[in-house]
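These are my notes from one sitting with a single structure.

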Amino acid sequence: MLLIYVEKVTNRLGYTLNLVFGELMGIEYTITTDRDYFVSYQGAKFSYCKQKLCDEVFLYSSDILFQTTIEMLDTDCFEQGGMHYLFRVYSKESVCNYDVLAASFYLVSRYEEYLPFIRDKHSRFKAEDSLAFKKGFLEKPVVNIWAGELKQKLLCAFPEIETKEKYFSFVNTIDVDSAYSYIGKGFCRSLVGFCKDMLRGDFALCMRRLRVLLHIDVDPYDTFDYIIAQIAKYKVPTVFFVLFGYYGRYDKNISPYNSRFQLLVKSLCDYAKVGIHPSYESFDNPGQLSEQIKMLRSILHKPIHRSRFHYLRFRLPESYRNLTDNNVESDYSMGYSDHVGFRAGICNSFNFYDLALDFETKLRIFPFAYMDVALKNGLRLSPRQALEKIEGIVDQVEKVKGDLISVWHNESLSDEMEWRNWRKVYEQSLEYISQKNKRSYHTRERK
C-alpha cells in the first residue's frame, strides 16, 4: 500500500491520482493530508506538494489540480531524450523534472478543448490545433509512458510496492454509416443516383446498380459476412456503431424503418456488440439523439450503452452530457478523422471529467488510435504505407500494455473503387495485432 500526501484533496486531484496510480500503475494507495502522520509512516510513501517532507518519493506540484477555473495555461512543453513532457519542474528534490499528474490531467481532460478555438467546417476541434500535434507527440501515448516512468521510480525507491499487471488488448470497431450502396434507398434516391451516373457517362456503374437491384450482384457495401468471418478467424472483440438518423447531406444510411436494415442490425448482435452512431444532425439537436437511441433499443430489445458520434462531431462537455442523459455508459469518439494517434494522450479507457462542472462522471471514454479514413484521406497514405503506420501505432500501444482500438467502415472494406486493396490492409493489420495478442495471452498464462 502506498501512502500519498497532499495538502488538500480536490476533485481534479482525486480523479488524476486514481487514473495514474490506480488504473495505469495498478498501485493501491491511500491519501492523507496529515503531515505528521505522513512523516511518521513507516512504508512506501509519495508526496505531491511544494516541498519534500522526509524520505518519501516527492513530486513538485503545479497549480492546475488545485484550481477550479479554466484558463489559458503555460504548459511549458519541452523535449528530453526523444520524449515530450509538460509542466516543467525546477525543484532538485522532485523525482521528475515535469509534473506527471498535471500533464496527464491536462491531456486526458481535454483541457484545451474548453478554451477558445476555431472550429472546422463540421464544428469540430481540429487535430492541428492540439498541443500534441503542434509539438509532435500525437502518435505517442505519452500519459501511459509518463505513468510508466513514475512507476519505475517508485519501485526503485520502494521495491515492496505491489502492482497489478496490465496486458495489451484490442477492440475492433466498425462504423456502419451506410449499410448498402444501392439496396433499400427507395425509388426516388435510386432514380436520382441512376441519373447522376448517366450524366457522368459512367455506364458501368449504371449497370452495376441495376444488377444489384435485380439481385444479380451483391451490394458493394454489404461486407458484413466478410467482416464476421474476420471476427471469427482472429477472435477479436468487435463493436458495430450503426447510424440510425434520417437521410441528410452527411447522413446517408437507409431508412431506420427498412425491414432488411433492421434484420441486419439484429443479426450483428449475434457476433458482436452494437452501439449507436448518433447522426450528424443530432449534434445540434439532442432530441434526435434520444430518438435514435430509443429506436435502436426497440429493435434490439436491449439497452444501448455504447456510442460513437458520426463524423466524430461532438462538443465538450455538452455532447457527453447528452449521452449521459440517455443512459449511454461508454463513448468511442475520442480521436481524429484526419490524423492517427492519441487525442487524449492515452491508450486506455478513462472516465470523462467534466471540467466545466469540475467533477468526474461515470461516462467511460474509449479512445481509438487510428481510422481508415484518416489513413487514406487525411494522411493520403497508400495501402502499404497505411499498414506500416498501423504497425507503428500497434507497437506503441503494446509497449505500454495499453488498449488498442481501431475504426473501419463496412464500405471501406468493399475492396472496390477508391477502397481497392484496403481489405488487405485490414486483414494484415488484424494478423499483426493477433500475434501481439497471443504473446500477451501467453505472458498472462505464465503468471
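Why is strand 12 (residues 350-354) largely enclosed by the rest of the structure? I found that five of the five residues of strand 12 are buried, so the rest of the structure largely encloses it; buried means under 20% relative accessible area, exposed over 50% and partly exposed in between, with a 1.4 Å probe and protein chains only. Strands here are DSSP runs (E, at least two residues) and helices are runs of H or I of at least four, both numbered from the N terminus.

Before going on, I noted that this is a predicted model, in which local features need pLDDT of at least 70 and side-chain atom pairs count only at pLDDT 80 or more, while totals for chains, interfaces and linings use all residues. Residues are numbered from 1 along each chain as its sequence is written, and side-chain values use heavy atoms, with hydrogens and water left out.

**Strands**

I next looked up the partner of strand 12, and found that it pairs with strand 13 (residues 359-365) in the antiparallel sense over four bridges, where pairing requires that DSSP finds at least two bridges between two strands. Phenylalanine 350 has isoleucine 365 of strand 13 as its bridge partner. The two strands form a hairpin with four residues between them, and aspartate 358 in the turn has a positive phi of about 60°.

I then turned to strand 15 (residues 403-409), where six of the seven residues are buried, so this strand too is largely enclosed by the rest of the structure. Strand 7 (residues 169-176) runs parallel to strand 15 and is joined to it by seven bridges, with threonine 173 opposite valine 407. Strand 14 (residues 370-371) also pairs with strand 15 in the parallel sense, over two bridges, and the bridge partner of tyrosine 370 is serine 406.

**Serine 279**

I located serine 279 in the loop between strand 9 (273-276) and helix 10, and its relative accessible area of 3% makes it buried. Setting aside neighbours within four places in sequence, I listed its contacts (heavy atoms within 4.5 Å) as Leu243, Gly245, Asp251, Gln288, Gln292 and His310.

**Cysteines**

My search of the whole structure for disulfides, defined as pairs of cysteine sulfur atoms within 2.5 Å, returned zero. Cysteine 347 is in no disulfide, and the nearest cysteine sulfur, that of cysteine 77, is 19 Å away. Cysteine 347 is buried at a relative accessible area of 2%, whereas cysteine 269 is partly exposed at 23%.

**Cavity and pocket**

For the spaces I worked on a 1 Å grid over the protein atoms alone: a cavity is a set of points where a 1.4 Å probe fits but cannot get out, a pocket is an open set with protein on both sides within 12 Å along at least five of seven lines, and lining residues have an atom within 4 Å of a point. Points are joined across faces, edges and corners, and a volume is the space filled by probe spheres set on them.

I found one cavity of 30 Å³ or more, and the largest cavity has a volume of about 50 Å³. Its lining includes Phe283, Leu289, Arg313 and Asn322, and helix 10 (286-300) and helix 11 (318-325) are the elements that give two or more residues to it.

The second largest pocket holds about 460 Å³ of space. Among the 20 residues that line this pocket, those closest to its centre are Asn144, Gly148, Lys399, Val400 and Lys401. Helix 5 gives the largest share of the lining, seven residues.
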